[in-house]
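Please look through the structure below before reading my notes. They are set out as numbered points.

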Amino acid sequence: MAFLNWTESLSVKINSIDEQHKKLIELINGFYEQVSHRTNDENISILLKGMKDYTQMHFDYEEKYMKQFNYPDYPSHKKEHDFFISKVAEVEEKVKKGKVVLSFEITSFLKDWIKNHIQGSDKKYTAFFIKNGIK
Ligand SMILES: [Fe+2]
């Protein structure tokens with residue numbers, strides 16, 4: 001079974017964003033898989049970079065609409081995004097320097113953060129985004 005499954009409980013009711021969240025979950029599952037099989041650091045670095053890049057693209061997508069339509073929770077939402085990116089970048093740096101033994105703790109952090117962020121902060125924008133015609 002996958003480490004984290006996308007289910008309706010993770011839907012923000014906006015198709016384009018649900019699709020991006022699914023992809024993100026796929027990346028986290030792939031990362032978990034590699035860590036479980038103790039792949040080498042080079043592979044892990046590539047995966048982390050891929051995850052960071054995709055997440056950044058996804059966050060930019062959400063933030064673009066938040067700014068465009070003056071979403072009131074934009075500042076706090078952006079802070080959450082920035083925290084996640086800095087955390088992934090930090091792990092990436094440590095792996096590059098050979099400083100970190102990748103553990104369940106890191107994969108759990110990714111999983112829990114994304115799940116809590118979608119179910120907590122992301123779901124709050126559903127009505128606002130729909131009202132502004134985002135699909
Ligand atoms: Fe978000």
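**Notes on the predicted model**

1. Leaving out neighbours within four places in sequence, Tyr74 is in contact with Glu63, Met66 and Lys67. The model is a predicted one. Tyr74 itself belongs to helix 3. Its relative accessible area is 19%, and the cut-off for buried is under 20%, so Tyr74 counts as buried.

2. Tyr74 and Tyr125 are 51 residues apart along the chain, and their C-alpha atoms are separated by 9.7 Å. Not counting residues up to four places away in sequence, Tyr125 touches Val12, Ile14, Ile17, His21, Glu62, Met66, Tyr71 and His77.

3. Tyr125 is also one of the residues with the most contacts inside the largest nonpolar core, along with Phe31 and Phe129. This core has 35 residues. Helix 1 (15–36), helix 2 (41–68), helix 3, helix 4 and helix 5 (126–131) each give two or more residues to the core. Helix 2 supplies the largest share, 8 residues.

4. Which residues are the protein donors of the iron ion? They are Glu62 (OE), His77 (NE2), His81 (NE2), His117 (NE2) and Asp122 (OD), and they lie 2.1 to 2.3 Å from the ion. Along the chain, the donors follow the spacing E-x14-H-x3-H-x35-H-x4-D. His81 lies in helix 3 (residues 74–96) and His117 in helix 4 (residues 104–119), so this pair ties together parts that are 36 residues apart in sequence.

5. Are these two histidines, His81 and His117, buried or exposed? His81 is buried, because its relative accessibility is 0%. His117 is buried too, at 3% relative accessibility.

Notes: Residues numbered from 1 in each chain as written. Predicted model: local features only at pLDDT ≥ 70, side-chain atom pairs only at ≥ 80, totals over all residues. Heavy atoms only, no water. Donors = N, O, S within 2.8 Å, 3.2 Å for Na, K, Ca; no water. Helix = DSSP H or I, 4+ residues; strand = E, 2+ residues; numbered from the N terminus. Buried < 20%, exposed > 50% of the residue type's maximum accessible area, 1.4 Å probe, protein only. Core = buried A, V, L, I, M, F, W, Y, C linked by side-chain atoms within 4.5 Å. Contact = heavy atoms within 4.5 Å.
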